[in-house]
Amino acid sequence: MTSLLAIEASTEACSVALIYNGKESEDFRLLPRAHTRYLLPMVDQILSDYGIAVADLDAIGFSAGPGSFTGLRVCAGLVQGLAFAADKPVVAVSTLQAIAQGEADRLGLAEGNVLLPSLDARMDEVYWGEYCYRNGIAEPLTADSLRSPESISVVAGENSVHGFGNGWNYISRFTVDGALNSIDVDVYPHAQAVLKLATLAFQRGEYVTAELAQPVYLRDSVAWQKS
């Protein structure tokens, strides 16, 4: 039975989740610009609740991105530190896949539904993902990408199509053929979804050592300006 800690901090929300001896729990909080202060205490608390340490786990999973550069760096740095100190493997999970997985589970969607998570990437761009819900898992149809809103084309065919995330605030600039079944811009990735996806990936042998656990930005560089 896999025991795994999952950490998510790629948006204004941050969360940690844990599965140990078949018992699962999550601590989710909306904490804009406060991840650095709260994330480690949240990890310490959930481990304390179970009476265990990182050394008692099989692996650590984390939401690798795309998302907030600061949040991704904070999360990856914490995961690297915990994993290196305890000599534990790390499983990276797509933030967009975590959004798709969490919302599909929450809504109880049927097999074959198309899931389109999107986050506002700023600079007039969006992070874009395309997934299909199969066997209870949000499986990727294409690789996550950084796109201009005008490049997004959605065709609502025979399968139900659902849009998730604040990237859908740009829908007036998307090309949408047909009616989507639902759009919810007010959603966040959850560590509970990261936990589910990371557990499956770990069981398939898809993990890396601590030093190889890196954020996935999708944008090569960002110009920082000082006023």
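Author: Start with Arg-204. Arg-204 is exposed, at 55% relative accessible area. Bear in mind that this is a predicted model.

Reader: Which side chain does Arg-204 meet in a salt bridge?
Author: Glu-206. The N to O distance is 3.0 Å.

Reader: And Glu-206, what does its accessibility count as?
Author: Partly exposed. Its relative accessibility is 42%, and the cut-off for exposed is over 50%.

Reader: How many salt bridges in total by this rule?
Author: The count comes to 10. Some form a network: Glu-103, Arg-106 and Asp-184 are linked that way.

Reader: What does Arg-173 pair with?
Author: Asp-124. Their side chains form a salt bridge at 2.8 Å, N to O.

Reader: What about Arg-122, who's its partner?
Author: Asp-120. That salt bridge is 3.5 Å, N to O. Arg-122 itself is exposed, with a relative accessible area of 58%.

Reader: Which of its residues are buried?
Author: Among them are Phe-69, Leu-72, Cys-75, Leu-78, Val-79 and Leu-82. Gly-71, Ala-76 and Ala-83 are buried as well.

Reader: What do the buried residues pack against?
Author: Strands and helices. The strands are β1 (4-8), β4 (59-65), β5 (90-94) and β7 (125-128), and the helices are α1 (35-50) and α3 (95-107).

Reader: What follows α2?
Author: Asp-87. Its phi is positive, near 55 degrees.

Reader: Last topic, Asn-21. Where does it lie?
Author: In the loop between β2 (13-20) and β3 (23-30). Asn-21 is exposed, with a relative accessible area of 60%.

Reader: What is Asn-21 in contact with, leaving aside neighbours within four places in sequence?
Author: Met-1 and Ser-3.

Reader: And how far apart are Asn-21 and Thr-36 in space?
Author: 29 Å, C-alpha to C-alpha. In sequence, Asn-21 and Thr-36 are 15 residues apart.

Conventions
Residues numbered from 1 in each chain as written. Predicted model: local features only at pLDDT ≥ 70, side-chain atom pairs only at ≥ 80, totals over all residues. Heavy atoms only, no water. Buried < 20%, exposed > 50% of the residue type's maximum accessible area, 1.4 Å probe, protein only. Helix = DSSP H or I, 4+ residues; strand = E, 2+ residues; numbered from the N terminus. Contact = heavy atoms within 4.5 Å. Salt bridge = Lys/Arg side-chain N within 4 Å of Asp/Glu carboxyl O.
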